[in-house]
Amino acid sequence: MMSMKILAAEERATEFFYRIHIDDTKLIQDGTPDPRYVREFNWGKEPPEGQSVDQYLAAIKREMKLLCEDELRRMTTTPLADQGEAL
Amino acid sequence: MAYQKPVQLYGRTTADGLANIEGGNALAHLLGYNGSTWDRWRNNTQGTLLASAERTAAVQSANVTNYNANAAILFLDVTAASGTGGLSIYFDAKDSVTGKYFRLNAAPSAIIATGSFAFMLAPGVSGKGADVSQITGGVISPVWRVRVNVGDASAYTYSIGYALIV
């Protein structure tokens, strides 16, 4: 069963940085994450108006999960029944 | 006769942030100097800023790095709308010194209905297309994001994609 994993999460001078393994079953031979399944995100540090930093960080995680799920969907193809038929 | 250092040819893997090297690069790609390293020259690029989901609060996307584009288009697709409050879409340019963001477009009309809406930021634009909600004369910055401000805490389901135009 695949899951998504935060490989790195860092507070930097002007941004929050995250590196995400969007499918932790995708590894290369040495056991490290397949770079094709790794995404990096940099977020501004100031929360939107009316939000606390904790609320903002929770929102960031939600948005990253949505983006990674969207990315996985785009990487997946399903053959149609038409495949191989004469046109 | 003056000594001349031999020129060495390097076969290199295409990547961003290539270090300066002495000699010739055997690399059939355009590179652009960013002040300290070399980045690949980009064609038009596109991507997702916010995936489709229901949201009830203001949102800022992750930063997008723009290598050599001048113009940007945002594609807002609203599939469920409360009809109140509304969504206001901004291009935010990041100041690399302070980390502060600067809005590049004027306050747009809030989107309160479902539909597809485009927002364009480009040099010298005039006359907007049928599905373009706002055009702004200007250029997109090296690091930018989209900001979605909300008029109230009601629910909207939407996604935002982008295109960077060279």
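A:Lys45 and A:Glu11 form a salt bridge whose closest N and O atoms are 2.9 Å apart, a salt bridge being a side-chain nitrogen of Lys or Arg within 4 Å of a carboxyl oxygen of Asp or Glu. Because A:Lys45 lies in the loop between β3 and α1 of chain A and A:Glu11 in strand β1 (residues 5-11) of chain A, the pair ties together parts that are 34 residues apart in sequence; helices (H or I, at least four residues) and strands (E, at least two) are DSSP runs numbered from the N terminus. This is a predicted model, in which local features need pLDDT of at least 70 and side-chain atom pairs count only at pLDDT 80 or more, while totals for chains, interfaces and linings use all residues. Residues are numbered from 1 along each chain as its sequence is written, chains are lettered from A and ligands numbered from 1 in the order in which they are written, and side-chain values use heavy atoms, with hydrogens and water left out.

**Salt bridges and interface**
- The structure holds 12 salt bridges over all chains, and the rule finds 2 across the interface of chain A and chain B.
- A salt bridge also joins the side chains of A:Glu15 and B:Lys94, at 2.9 Å from N to O.
- In chain A, 17 residues are in contact with 22 residues of chain B, contact meaning heavy atoms within 4.5 Å.
- About 1,300 Å² is buried between chain A and chain B, with carbon and sulfur atoms giving 48% of that area; buried area is the accessible area (1.4 Å probe) that two parts lose on being put together, summed over both.
- Of the area that chain A buries against chain B, A:Thr14, A:Glu63 and A:Leu67 supply 32%, more than any other three residues.

**Confidence**
- Chain A averages a pLDDT (the predictor's confidence in each residue, from 0 to 100) of 95, with 100% of the residues scoring at least 70.
- Chain B has a mean pLDDT of 91, and 88% of its residues reach 70 or more.
- For the complex, the predictor gives an ipTM of 0.91 and a pTM of 0.87.
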